[in-house]
Amino acid sequence: MNFDPKYLVRWGIPGWIYLFIMTIYLFMVDYNKIKEIIFNENAPVIVASISLFIGAGIIIGNIMHQISMNLGFVIWTKRKRFFKSEYDLDLEIIKNEYGKDIQRIYSYRLGNVHALRTLWFSLLFSLLTILSLSFIYSISFKVWVLIAIVVVINLIVLNNWIYFQNNLDYFLRKIKSDFQ
């Protein structure tokens with residue numbers, strides 16, 4: 001199995017963002033308990049906490065990536081038509097003298113779309129988790145500020161996702177029209 005380290009980062013970032021936001025929320029709700037864990041002077045506890053954060057972030061990020069692929073792409077795609085269209089386009093690109101460059105650009109843009117969609121789902125899941133926990137336990141002004149910050153960041157990511165999706169769609173339309 002060929003595994004590229006870039007996937008650790010690609011999956012890690014949404015998971016780490018989620019865990020970071022949850023850590024901030026827990027700081028706001030129970031500062032003393034979280035302070036004992038994070039500002040512990042015991043080196044093995046610190047190393048274990050950081051390792052757990054990194055490992056859990058990658059796992060959570062991968063799960064969010066799978067959910068975002070399913071909800072953001074798989075469910076809405078007309079598979080037979082998409083697969084045929086994608087195959088035909090790939091053949092045209094491969095035959096082109098600039099095929100490798102076109103594939104590289106396409107892959108880069110598609111990767112950005114997937115990464116932004118996953119990050120958006122991560123922020124949305126963070127927001128839903130904060131809201132659920134707030135109504136179960138308690139909500140304060142600080143938590144409302146955190147919710148507002150997460151909403152603003154999520155709107156920014158959504159705007160970027162739409163931009164990159166439109167950019168990818170234009171690129172694909174242009175390739176198809178140039179090849180005809």
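**Labels and their grounds**

Mentor: Start with serine 126, which counts as buried at 0% relative accessibility. The model is a predicted one.

Trainee: What makes serine 126 count as buried?
Mentor: Buried means under 20% relative accessible area. Serine 126 has 0% relative accessibility, so it counts as buried. The residue is found in helix 5, which covers residues 99-136.

Trainee: Which residues does serine 126 touch, not counting those up to four places away in sequence?
Mentor: Tyr18, Ile21 and Met22. A contact here means heavy atoms within 4.5 Å.

Trainee: Why is serine 134 called buried?
Mentor: Its relative accessibility is 3%, and the cut-off is under 20%. Serine 134 therefore counts as buried. This serine also has its place in helix 5. With residues up to four places away left out, serine 134 touches Tyr25, Ile139 and Val143.

Trainee: How far apart are tyrosine 106 and leucine 168 in sequence and in space?
Mentor: They are separated by 62 residues in sequence and by 7.4 Å in space, C-alpha to C-alpha. Leu168 is listed among the buried residues of helix 6.

Trainee: What makes valine 150 buried?
Mentor: Valine 150 has a relative accessible area of 2%. Buried means under 20%, so valine 150 is buried. Its place is in helix 6, residues 141-179. Leaving aside neighbours within four places in sequence, valine 150 is in contact with Ile21, Leu123, Leu127 and Ile130.

Trainee: Which other residues of helix 6 are buried?
Mentor: Besides Val150, the buried residues of helix 6 include Val143, Leu146, Ile147, Asn154, Val157 and Trp161.

Trainee: Why is isoleucine 162 called partly exposed?
Mentor: Exposed means over 50%, buried under 20%, and partly exposed lies in between. Isoleucine 162 has 43% relative accessibility, so it counts as partly exposed. Isoleucine 162 is found in helix 6. Its C-alpha atom is 8.3 Å from that of valine 113, which is 49 residues away along the chain.

Trainee: And what makes lysine 84 exposed?
Mentor: The cut-off for exposed is over 50%. Lysine 84 is at 52% relative accessibility, so it counts as exposed. Lysine 84 has its place in helix 4, residues 79-95. From lysine 84 to leucine 155 the C-alpha distance is 34 Å, at a sequence separation of 71 residues.

Trainee: How do you know what span to expect of helix 6?
Mentor: The expected span is 1.5 Å times one less than the number of residues. Helix 6 has 39 residues, and 57 Å is expected. From first C-alpha to last, helix 6 reaches 57 Å, close to that value.

Trainee: What does the comparison give for helix 3?
Mentor: Helix 3, residues 43-74, has 32 residues and reaches 45 Å, close to the expected 46 Å. Its buried residues are Gly57, Ile58, Gly61, Met64, His65, Ser68 and Met69. The buried residues of helix 3 pack against helix 1 (6-29) and helix 5.

Trainee: How many helices and strands does the chain have?
Mentor: The chain has 6 helices and 0 strands. Its radius of gyration is 21 Å, well over the 16 Å that the globule rule gives for 180 residues, so the chain is more spread out than a compact globule. The C-alpha trace spans about 65 × 35 × 25 Å along its principal axes.

Trainee: What share of the residues counts as buried?
Mentor: Of the 180 residues, 29% count as buried. The accessible surface comes to about 12200 Å², and 67% of that belongs to carbon and sulfur atoms.

Trainee: What share of the contacts with a separation of 6 or more comes from residues 24 or more positions apart?
Mentor: Such residues account for 80% of those contacts in the chain.

Notes:
Residues numbered from 1 in each chain as written. Predicted model: local features only at pLDDT ≥ 70, side-chain atom pairs only at ≥ 80, totals over all residues. Heavy atoms only, no water. Helix = DSSP H or I, 4+ residues; strand = E, 2+ residues; numbered from the N terminus. Rg over C-alpha atoms; globule rule 2.2 N^0.38 Å. Buried < 20%, exposed > 50% of the residue type's maximum accessible area, 1.4 Å probe, protein only. Areas by Shrake-Rupley, 256 points an atom, 1.4 Å probe, with all protein chains shown as cover.
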